[in-house]
Amino acid sequence: MAIKKAAIITLYENKNYGNKLQNYALQEILKKEGLEVATITNLQSEYKKTPSEVFYSLGLMKTCKFVFKKIIITFALESIAKKLLAILGIKKEKLKPQKIEERRIAKIKLFDKLIKKHHITPLNENLSKIDKAYDLFVIGSDQIWNPNFLTNYKFDLGFFTLKNKKISYAASIAVPVLTGKTAKTYIQAFNAFAEGMISVREFEG
C-alpha cells in the first residue's frame, strides 16, 4: 500500500522557538516527499505523573543536578551575551519581562499557524481512530521520548500502531540512563519497531 498520509508525533505545547522550528522543518520535508502531513495535538492531557514517577528514571539527586546544571549554563550564556553587546556598543532594548514574554509568545503563535494540526482529545479513547487515519507515523524530533515529558506513553512511544507504520526521526530520550520500570517500557516499545526504523538524537540513553 502506498503511503499517502503521515502524522507527526512530537512535543507540541512547548512554547519555544526550537520546538516549533523542528516541527515545521519535519513537516516540510515530508511534504516534499509527496505526503499529506499533520501534527497530532492533544491539548488536554489525561495523564498526570506523580512526583515519584517524575523522578524514578533518574533518581531525585540526578534530576536536581541536571536542572541545576541547566540553570548555571543559562546564566553564564546571558552574562557572555551582555558583555559582547557592551563591547560592540549595542544597547539592548529595555522591556519589562512581561512585555518581552508577550512578544515572544505572539511570534510563536504566528509561526505556529504554518504547522498543520490534527487536534484529538481525549487521546486514549481515539488511538484506534488515529491509527486508521494515517499510513505512517513519524515520531520526533525534539525530546518526545524524554521520560519526564511523556504525557501518554502508548501514544508517544508508538504502542498503538503496527511496526511497519512507524519510524522515529531524531527522537531525543534526553536523559543519560534509563532504569527500572522506565527501561522495561522503552525496551518493549523499541522492540515493536521494524528493524532500522529508529533514529535518536544522542548516543546517551
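Reader: What does tyrosine 153 count as, buried or exposed or something in between?

Author: Tyrosine 153 counts as partly exposed, because its relative accessibility is 42%. Buried means under 20% relative accessible area, exposed over 50%, and partly exposed in between (1.4 Å probe, protein chains only). This is a predicted model, where local features need pLDDT of at least 70 and side-chain atom pairs pLDDT 80 or more, while totals for chains, interfaces and linings use all residues. Residues are numbered from 1 along each chain as its sequence is written, and side-chain values use heavy atoms, without hydrogens and water.

Reader: OK, rings next. How many aromatic pairs are there?

Author: Eight, from a search of the whole structure. Take tryptophan 145 and phenylalanine 190: their ring centres are 4.8 Å apart and their planes sit at 45°, so this pair is tilted. Rings of Phe, Tyr and Trp (its six-membered ring) pair if their centres lie within 6.5 Å; under 30 degrees between planes is stacked, over 60 edge-to-face, the rest tilted.

Reader: Where do those two sit in the chain?

Author: They link distant parts, 45 residues apart. Tryptophan 145 is in the loop between strand 4 (136–140) and helix 6 (153–156), and phenylalanine 190 is in helix 7 (residues 180–190). Helices (H or I, at least four residues) and strands (E, at least two) are DSSP runs, numbered from the N terminus.

Reader: Which is it for tryptophan 145, buried or exposed?

Author: Tryptophan 145 is buried, because its relative accessibility is 0%. Phenylalanine 190 counts as partly exposed, at 22%.

Reader: And what about the rings of tyrosine 153 and phenylalanine 159?

Author: Their centres are 5.9 Å apart and their planes at 80°, so that pair is edge-to-face. Phenylalanine 159 is partly exposed, at 26%.

Reader: Which residues form an aromatic cluster?

Author: Tyr134, Phe137, Phe155 and Phe160 form one. The charged end of lysine 5 sits over the ring of tyrosine 134, 5.2 Å from its centre. That takes NZ of Lys or CZ of Arg within 6 Å of the ring centre and within 35 degrees of the ring normal. Lysine 166 lies over the face of phenylalanine 193, at 4.8 Å from the ring centre.

Reader: New topic. Where is arginine 201?

Author: In the segment after helix 7. Arginine 201 is partly exposed, at 46% relative accessibility. Its C-alpha atom is 4.6 Å from that of alanine 170, 31 residues away along the chain.

Reader: What is arginine 201 in contact with?

Author: Leaving aside neighbours within four places in sequence, arginine 201 contacts (heavy atoms within 4.5 Å) Asp142, Gln143, Ala170, Ala171 and Ser172.

Reader: Last one. Which residues of helix 1 are buried?

Author: Asn19, Lys20, Gln22, Asn23, Leu26, Gln27 and Leu30. They pack against strand 1 (5–9), strand 2 (36–41), helix 4 (97–112), strand 4 and strand 5 (166–169).
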